[in-house]
Amino acid sequence: MALVNEHFLKLPDSYLFPDVAKKINTFKVTHPKADLIRLEIGDVTQPLPPVVIEAMHKAVDEMADASTFRGYGPEQGYDFLIEAIIKNDYAARGIQFSNSEIFVSDGSKSDTGNIGDILRHDNSIGVTDPIYPVYIDSNVTNGRSGELGEDGKWSNVIYIPCTSENNFVPQIPEKRIDMLYLCYPNNPTGTTLTKDQLKQWVDYALRNDTLILFDAAYEAYIQEPNIPHSIYEIRGAKKCAIEFRSFSKTAGFTGIRCGYTVVPKELTAARLDGERIPLNPLWNRRQTRRFNGASYITQRAAEATYTPDGKRQIKKTIDYYMANAKIMKEGLENAGLDVYGGVNAPYLWVKTPKETSSWRFFDKLLYEANVVGTPGVGFGPSGEGYIRLTAFGNQDNCIEAMKRIKKWIS
Ligand SMILES: *Cc1c(COP(=O)(O)O)cnc(C)c1O
């Protein structure tokens, strides 16, 4: 008899996005003439930059010729891409890495989930709340999160609230945490930490022997000078942190699939007997046994984003999204709403007025202004009383949506 991994049974069927979709469909059926504006899109919408398309066409042609054909590549990624990553994303900021510290993959959803493979099942986990659901869910399936309580919290997860009360700066916990997930710029709140604020977490991790899992998927959206793009800008971080990066939001690769994970040589974790084990060779083992590399075509596409034209083209698209964010932030503030994020991230986190619940506000926004958002409570208990809007839509729609919201509120 084959027994199932019962931890998978603990995961509730995802309800957030299906429930949003259901409500949109019901609305469309009952209001066939209404023109909905979708500001809940959690995916990029602009096409890939031309340099990426050119690089992919070229790589496809190489695959068509026996003399340049590529089969299996290195599980860790091709050196041409790893070297471009090190040079542009790290050396340019004064951070040095050797090639073997970078692991190219098919994206950071997989990596942030898979990293748990090399860590014991009984580590304690900490997350800022609200948060990208993948961190907790991947720990549920390997038995680390415990049980889901009535309050929407998993019993073995330490939730660190980020709300308007603390200006979205998570408070350093009293308790020790073994594995801590940080995502900055943050999805869903769009907020960031300054260098000094992130340094406090690195210092906490060094003091408490905590492993920080730092998701920098939105790094390219940072506009302000004092916001770290990488956790390794903070001294000591190589001893306590793994960093996840993705080409998804940076260069529109959500459908192409490419990301990478940095596991510094200095980084260790303990065995039960206290012996320190370097995590870099352990992750290498995991990747070589269970992953066969991102495709050659994809890695050539990712490499092209680092050329001068590539950088210019990527910036143009990000500027487009961030112009949307600015229009939305100003529009929402003009309508008298409290809004966070949207300055260094493509997300706006809007406080619902008068203690309205996330879902109630979602419904009212849908039916009365014909604008769609995502209920904040779907990202964790501290998301109750907020709604997330994204800047990935079309600019004219953003402008029109703000007009509607202003008219609706007044
Ligand atoms: C979109 C996103 C990613 C990127 O995931 P990929 O699998 O690389 O597409 C990672 N982290 C967060 C928080 C995200 O929102």
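Start with the ligand: it sits in the largest pocket. A pocket here is an open set of points on a 1 Å grid over the protein atoms alone, with protein on both sides within 12 Å along at least five of seven lines, and a molecule sits in one if more than half of its atoms lie within 2 Å of its grid points. Keep in mind that this is a predicted model, where local features need pLDDT of at least 70, side-chain atom pairs count only at pLDDT 80 or more, and totals for chains, interfaces and linings use all residues. Residues are numbered from 1 along each chain as its sequence is written, and side-chain values use heavy atoms, with hydrogens and water left out.

Now look at ligand oxygen atoms. One is 2.5 Å from an N or O atom in the side chain of S248, and R257 has a side-chain N or O atom 2.6 Å from a ligand oxygen. S108 uses its backbone instead, with an N or O atom 2.7 Å from an oxygen of the ligand. The protein covers 93% of the 390 Å² of accessible area that the ligand has on its own (Shrake-Rupley method, 1.4 Å probe).

Zooming out, the protein has 13 helices and 15 strands, taken as DSSP runs of at least four residues (H or I) and at least two (E). Its C-alpha trace spans about 60 × 55 × 50 Å along the principal axes.

Conventions: A polar contact is a pair of N or O atoms within 3.5 Å; within protein, one must be able to donate a hydrogen and the other to accept it, and residues adjacent in sequence count only if both atoms are side-chain atoms. On a 1 Å grid over the protein atoms alone, a cavity is a set of points where a 1.4 Å probe fits but cannot get out, and a pocket is an open set with protein on both sides within 12 Å along at least five of seven lines; lining residues have an atom within 4 Å of a point.
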